[in-house]
Amino acid sequence: MRTPPSLLSLTIDKAVIHLSNISDLSHLPDHILLDLFLRTLKAGKLNEKVLKLFVATGKDEVLLLIQALNIKHILNPVLPTRCSEKF
């Protein structure tokens, strides 16, 4: 028989599902934040908004992991909305 998952594990799994609705992760302890990031990658839920959320925490372990995995922000060019002779 398998052992049942812990409450922490279930909570992190739910957080991965609803990560786009969360606005701040900086209050999380480092080990939970790192586990949340790894599970987000495993679930394929990492997008630009979620990446910014993890980067905004400023936690060294997460930033080093992002750098080690060579994950980069996508820079979309912004085109002017008005066309005039004066810029």
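These are my notebook entries on one protein chain, taken from a predicted model.

**Entry 1: the fold.** I began with the secondary structure. The protein chain has 4 helices and 0 strands. Reading along the sequence, I noted the pattern α-α-α-α.

**Entry 2: overall dimensions.** Next I looked up the extent of the chain. The C-alpha trace spans about 70 × 25 × 25 Å along its principal axes. I then checked the radius of gyration, which is 17 Å for the protein chain, whereas a compact globule of 87 residues would have a value near 12 Å.

**Entry 3: surface and burial.** I wanted to know what share of the chain is buried. Of the 87 residues, 22% are buried. The accessible surface of the protein chain comes to about 7000 Å². Carbon and sulfur atoms account for 60% of that surface.

**Entry 4: charges.** The chain carries 11 positive and 8 negative charges, and their mean positions are 8 Å apart.

**Entry 5: contacts along the chain.** I took the contacts between residues at least 6 apart in sequence. Of these, 59% join residues at least 24 apart.

**Entry 6: the core.** Which residues have the most contacts inside the largest nonpolar core? I found Leu19, Leu25, Leu28, Leu33, Leu36, Phe54 and Val62, in a core of 16 residues. The elements that give two or more residues to this core are α1 (7–17), α2 (30–43), α3 (48–55) and α4 (60–68). As background, I noted that nonpolar side chains tend to be buried together in soluble globular proteins.

**Entry 7: leucine 33.** Leaving out residues up to four places away in sequence, Leu33 touches Leu25, Leu28, Phe54, Thr57, Lys59 and Val62. Among these partners, Leu25, Leu28, Phe54 and Val62 are also listed with the most contacts inside the core.

**Entry 8: serine 23.** I moved on to the loop between α1 and α2, where Ser23 lies. Is Ser23 buried or exposed? Its relative accessibility is 68%, so Ser23 counts as exposed. I also looked up its separation from Leu53, which is 30 residues away along the chain; the two C-alpha atoms are 7.1 Å apart.

**Entry 9: glycine 44.** The loop between α2 and α3 holds Gly44. Gly44 counts as exposed because its relative accessibility is 60%, and the cut-off for exposed is over 50%. Gly44 and Phe54 are 10 residues apart along the chain, and their C-alpha atoms are separated by 15 Å.

**Entry 10: asparagine 70.** After α4 I stopped at Asn70, which lies in the segment that follows this helix. Its phi is near 60°, a positive value in a residue other than glycine. With 53% relative accessibility, Asn70 counts as exposed.

**Entry 11: isoleucine 71.** Ile71 also has its place in the segment after α4. Why does Ile71 count as partly exposed? Its relative accessible area is 23%, and partly exposed covers values between the buried cut-off of under 20% and the exposed cut-off of over 50%. I then listed its contacts, not counting residues up to four places away in sequence: Ile71 touches Phe37, Leu41, Leu46, Leu51 and Ile66. For Leu51, one of these partners, I looked up the C-alpha separation from Ile71, which is 8.9 Å across 20 residues of chain.

Methods:
Residues numbered from 1 in each chain as written. Predicted model: local features only at pLDDT ≥ 70, side-chain atom pairs only at ≥ 80, totals over all residues. Heavy atoms only, no water. Rg over C-alpha atoms; globule rule 2.2 N^0.38 Å. Buried < 20%, exposed > 50% of the residue type's maximum accessible area, 1.4 Å probe, protein only. Contact = heavy atoms within 4.5 Å. Areas by Shrake-Rupley, 256 points an atom, 1.4 Å probe, with all protein chains shown as cover. Lys, Arg positive; Asp, Glu negative; His and termini not counted. Charge placed at Lys NZ, Arg CZ, Asp CG, Glu CD. Core = buried A, V, L, I, M, F, W, Y, C linked by side-chain atoms within 4.5 Å.
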